[in-house]
Amino acid sequence: MSPHQRLGQREFEVAVGLPAGTLDERTKTLLEKTPLLYSPLDDAAQAAARAKVAEDIDRGFTVVGEHRASIWRDAWQDHLDDFVKSGHALEALNPRFVGGTALLRWQGAYVEGVTERFELAFLEIFRDWLFRTYLADASHLYEFGSGSAFNVAAYAKLYPQTAITALDWAPAAVTIANLLGERHGMKIAGQRFDFFAPESGFEFAPNSSVLTMCALEQVGDRFQPFLDFILAKRPQRVVHVEPMLELYDSDLPHDALAIRYHRHRKYLTGLLPHLRSLEKAGTIRFLKVQRLKFGSRFHECFSVVAWEPV
């Protein structure tokens, strides 16, 4: 294993698609405050990692869909229980599956995270940059698939005066969001929402923005009801941070494994090509399409697609 390396300013700029030397001072400070240390793997270790990932995929995983509703209901109930037991500590909202493995995907190869819960540490810095870059001017933020509400809690700390609605299918997720309002004074309210059957009567506040983060992955190829719902409401901006199958390169062994895993789980498929057709038709305008080339051992949830209705 190679000596430790540090994910610094230039590495972050490459990941999010910024020109060299243009990273803002706040993000540079956050990268200094929380050193993101990792160890690259040599060729033999890369091959061993790929073989183990392939073996795990062949062994099989559950696929997405309504049949997994009870899994998410129980997962967010566990987070609700932990949140209450902790005295409503925000750290209790961090999902267990984020940062649960040291083997990570970084810039087309596997690395070993050295910093504790490296994935979560990176996500917190990236999310801060994302919010300030694309969602700072929202008069109202709607996160769909809010889960443990750790994203909206982070947003509320940055923008305490902005109203936030956290939407999720699971009752516990809605309760967590409401508790953030009650216990922390955050302008957050929870509301139930079903990606597969959006309620047409739901209205957006003026100049609002929409966020999905590793949530639409669960709808597979059935994104159309949600997208139609969003287009009809015409928010000022929409930001997706999701696994985007179409951004992988099937000719690369590293990416080929992520594609196999993505397809095996039946994760989000077709949204990006559909959005590109809408852009071509003049219906939307892209602000960003960027694969960070960062993720957990099986795939990359962190690709950014930001767009605005025209």
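Me: Which strand does Glu308 lie in?
Reply: Glu308 is part of strand S12; helices (H or I, at least four residues) and strands (E, at least two) are DSSP runs, numbered from the N terminus. The model is a predicted one, in which local features need pLDDT of at least 70, side-chain atom pairs count only at pLDDT 80 or more, and totals for chains, interfaces and linings use all residues. Residues are numbered from 1 along each chain as its sequence is written, and side-chain values use heavy atoms, with hydrogens and water left out.

Me: Is Glu308 buried or exposed?
Reply: Glu308 is buried, at 14% relative accessibility. Buried means under 20% relative accessible area, exposed over 50%, and partly exposed in between, with a 1.4 Å probe and protein chains only.

Me: And which side chains does the side chain of Glu308 make a polar contact with?
Reply: The side chain of Glu308 is joined to that of Arg237 by a polar contact of 3.0 Å, and to that of Arg285 by one of 2.5 Å. A polar contact is a pair of N or O atoms within 3.5 Å; within protein, one must be able to donate a hydrogen and the other to accept it, and residues adjacent in sequence count only if both atoms are side-chain atoms.

Me: What else does Glu308 touch?
Reply: Leaving aside residues up to four places away in sequence, the residues that Glu308 touches include Gln236, Thr283, Ile284 and Leu287. Contact here means heavy atoms within 4.5 Å.

Me: Changing topic: how many disulfides are found in the whole structure?
Reply: The search finds one disulfide, formed by Cys214 and Cys301 with their sulfur atoms 1.9 Å apart. The criterion is a pair of cysteine sulfur atoms within 2.5 Å.

Me: What does the pair tie together?
Reply: Cys214 is in the loop between strand S8 (208-213) and helix H8 (224-233), and Cys301 in the loop between strand S11 (294-296) and strand S12 (303-309), so the pair links parts that are 87 residues apart in sequence.

Me: Are these cysteines buried or exposed?
Reply: Cys214 is partly exposed, at 24% relative accessibility, whereas Cys301 is buried, with a relative accessible area of 9%.

Me: Now Thr27: where is Thr27 found?
Reply: Thr27 is found in helix H2 (residues 25-33), and is buried with a relative accessible area of 0%. Not counting residues up to four places away in sequence, Thr27 touches Phe12, Ile125, Trp129 and Arg132.
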